[in-house]
Amino acid sequence: MNSISQPYVKRLLTAHSFFVAGKVFFGLFMSVFIWSETKDINLVATFYITYLLIHTFSFTVFASLVKKGVMHFPRKLGIIGCASVYFSIFLLGDRAIEHLIPIAMGFGFFNGMYWISYHIFRFDYTKTSNRGNYTGTEKAIGTVIGIILPILGGYIIVQNFYNYGYGNVFLLGSFLYLVSFFIGNIPLPKSTHTKLHLRKTIKEIMKHKDLQKSMIVYFLGGFGRAGALLRILLPLLIFDILQNEFELGGWLSFFALISAFLAVLFGRHINYKHYKNFATIGGLLFFVSILSLIGFPILLTYIIFGIVKELGSLFLQIPKRVISENLVHQIDDYTHHRVEYIVIREWFGILFGRGSSYVLLLFVGSLAVQQLQYVLVIMAFAVIVEILFLRSINQESYK
């Protein structure tokens, strides 16, 4: 059955949605805050590299607790920790720019705790048959959040209530995290209560070519699409022209509106046999739109790219995650390897993938297209290779 109507699944989705709502401000406005204060793209990249390193460390370390069935503790502490980091940014105000590395480390540490528990909750409470529906619904809710909060955050920053500037959006983010904390208590799934054994799972992955391809797909997706391009370059390129957070938030909200309705339709009604074709369409849209940023570096092109990237992300992200998690069932006694598999996937997608895209920015001196063109070309071709690897996965292995 493709249904996700169980009360605890709905509650998990709701709690996670508030967490995602809180994190929106980190993803959208932290890079703009650093850039507006320093005009240093290398500092922005260093901030996010630090965050990813600590996030991956925390994600891996707390996986051992999650594997033993201790799932609510890292979830709750992770949420409270993220809220505390946000509150510290609010208190510091403009002086937060002097404490960027501790902020990146703190947020990365607590964010990693939350995500390892959430990934296992989601995996255990879904099946191969309804993961498309869950992921589509999750994506649609995230998109609605992406419609409302960027423009709201931009408005709050521009209004500069009580002269707290960017601190005000992080205060609101703290509140959203706390809502997630209080509504996220759901029954614990059955646990294996065994120790983490990453080496054994790596050996299992090496036995299955499709599992290896899935890891490569996650690396390429993080590097080409989901890393520096969407989290740093697009917001900064638009902000560099507009110089107004409210207008920036308005455009980012508009981009999110494009894919909200399609996400639900995709997750509920698109059969797995069509996933590869939709992923190909999405990847090609991404490829062409990235190259257009080089040829026509103007606001209109950035806007078109923002629209296209929503469609491309939708067509690629849902198949990628569903295929990846359904492939785990190829492993004998997969329940004893599911946590390790998700940790290893995090290494490829977040640390190696997104991390590499941020490292590329260390060799860029400014936002000028002449500086960015080689980086953008590399990312564009990474998307093409991502499609090829995704299409090469045996369809029968993930139905």
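Trainee: Which pattern does the chain follow when read along the sequence?

Mentor: Read along the sequence, this predicted chain follows the pattern α-α-α-α-α-α-α-α-α-α-α-α-α-α, with 14 helices and zero strands, where helices (H or I, at least four residues) and strands (E, at least two) are DSSP runs numbered from the N terminus. Because the model is predicted, local features need pLDDT of at least 70 and side-chain atom pairs count only at pLDDT 80 or more, whereas totals for chains, interfaces and linings use all residues. Residues are numbered from 1 along each chain as its sequence is written, and side-chain values use heavy atoms, with hydrogens and water left out.

Trainee: What share of the residues in the chain is buried?

Mentor: Of the 399 residues in the chain, 58% are buried, meaning under 20% relative accessible area with a 1.4 Å probe and protein chains only.

Trainee: How many cavities does a search of the whole structure find?

Mentor: Rolling a probe the size of a water molecule over the atoms shows where empty space is left. Here the search finds three cavities of 30 Å³ or more, a cavity being a set of points on a 1 Å grid over the protein atoms alone where a 1.4 Å probe fits but cannot get out. The second largest cavity has a volume of about 50 Å³, a volume being the space filled by probe spheres set on the points, which are joined across faces, edges and corners.

Trainee: Which residues line the second largest cavity?

Mentor: Its lining, made of residues with an atom within 4 Å of a point, consists of L12, A15, H16, R75, Y114, Y118, F121, S180 and G184. Helix 1 (7–38) and helix 4 (100–124) are the elements that give two or more residues to this lining.

Methods:
On a 1 Å grid over the protein atoms alone, a cavity is a set of points where a 1.4 Å probe fits but cannot get out, and a pocket is an open set with protein on both sides within 12 Å along at least five of seven lines; lining residues have an atom within 4 Å of a point. Buried means under 20% relative accessible area, exposed over 50%, partly exposed in between (1.4 Å probe, protein chains only).
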